[in-house]
Amino acid sequence: YRADITYGTNSEFGFDYLRDNMVSKLENKVQRDLHFCIVDEVDSILIDEARTPLIISGAAADTQKWYKIFDGVSKKLVRSYETEKIKDIKKKKEMNIPDDVWKDYEVDEKSNNITLTEKGITRIEKELDIDNLYSPENVELTHYMMQALKAKELFYKDKEYLVRDGQIIIIDEFTGRAMEGRRYSDGLHQALEAKEGLKVAGENQTLASITLQNYFRMYKKLSGMTGTAETEATEFMHTYKLGVIVIPTNRPIVRIDNPDLVYKTHNEKVNAIVERIEELYKNGQPALVGTISIESSEILSNHLTKKKIPHEVLNAKFHEREADIVAQAGRYNSITIATNMAGRGTDIMLGGNPEFLALSEVGSIDLPNYNETLEKYKIQ
């Protein structure tokens, strides 16, 4: 930070700021005054991930056993699909819904919220052998219950998280990458560990926290660049008082932006995608197919396997091979299915990347036949 210009990732700058606010001596602070900042992919950081909190946590009380108990309770509870469709609470009370229609809890997936019904509260009290779930001494129990239900209903394996080597690994919703070492806060991570039958780790308490939005707004001058800022221009002005300037392209745009195709059902959409891929494959054209989650990338992969179409899958499960897979996405007859991990820093070259092909065949850049193999692939 003593340099005139410091390059780094947004989260590292944010964590350094938090650590600076926890030091006991002034000389242990690392950051200087926040003067001027240029943010790359500015719409992703300041708009999409703006409310993402950066949290430094420390060990809290031993609560592992409760997560296992409440995971067991949550699995016995039944979701009230019929009643949750009625959004107007006043109207719901006036309707005199029969007892057998009511189940134990309602889920509002839009606001990520879960509400226990009277029936559900009674059932939980019976399971835990307590008189009143909402009495002051049981306030912690309601927290464990809600986290167990959130883990059950709102967080899906291979979409929000994946299980690897006995651990829950969060999948970044914006990049599709596995975020090793990151944990959900407020006991949610422990609830997911209990749900998946893993060893429940000790709970942490928040020692310091800041959102990316609040951190970057502290800079005296804030700026950034991205290829997709114009659509967010109103938000940039409203939230950060930043104007958006469009830099014209060096040459006229040759890409054709076709209108979106909309299908009535998910199956129709998947079948149409598979048919299009099959058509491209038969013509020998390479295709890169983007998906929003590991789950959808694997659904497409299964369909292609059934049709005996060879392909590569790039998602958070196989991120170690990311550069290699992306480098060969432009080869003849190559089909690559990817989540939005992007594969940054690797060029997709039509015909494939000769350096990667030569390296994978020979094994090392230092071997004598490397240059000869490289030339062979360059000619291809």
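I began with contacts (heavy atoms within 4.5 Å) in the protein chain. Among those with a separation of 6 or more, I found that 62% join residues 24 or more positions apart. I am working on a predicted model, where local features need pLDDT of at least 70, side-chain atom pairs count only at pLDDT 80 or more, and totals for chains, interfaces and linings use all residues. Residues are numbered from 1 along each chain as its sequence is written, and side-chain values use heavy atoms, without hydrogens and water.

Next, I looked up the overall layout. The C-alpha trace spans about 80 × 60 × 45 Å along its principal axes. I noted 15 helices and 12 strands; these are DSSP runs, with helices H or I of at least four residues and strands E of at least two, numbered from the N terminus.

I then checked the domains, whose bounds come from an automatic or database assignment. Domain 1 covers 10-56 + 208-240, domain 2 covers 63-202 and domain 3 covers 266-379. The C-alpha centres of domain 1 and domain 2 are 32 Å apart.

The chain exposes about 24,600 Å², and carbon and sulfur atoms supply 51% of that. Areas come from the Shrake-Rupley method with a 1.4 Å probe; for residues, only the protein chains shown count as cover. Of the 380 residues, 39% count as buried. Buried means under 20% relative accessible area, exposed over 50%, and partly exposed in between.

Last, I picked out M225. I located M225 in strand β9 (residues 221-225). M225 counts as partly exposed because its relative accessibility is 47%.

Key: Buried < 20%, exposed > 50% of the residue type's maximum accessible area, 1.4 Å probe, protein only.
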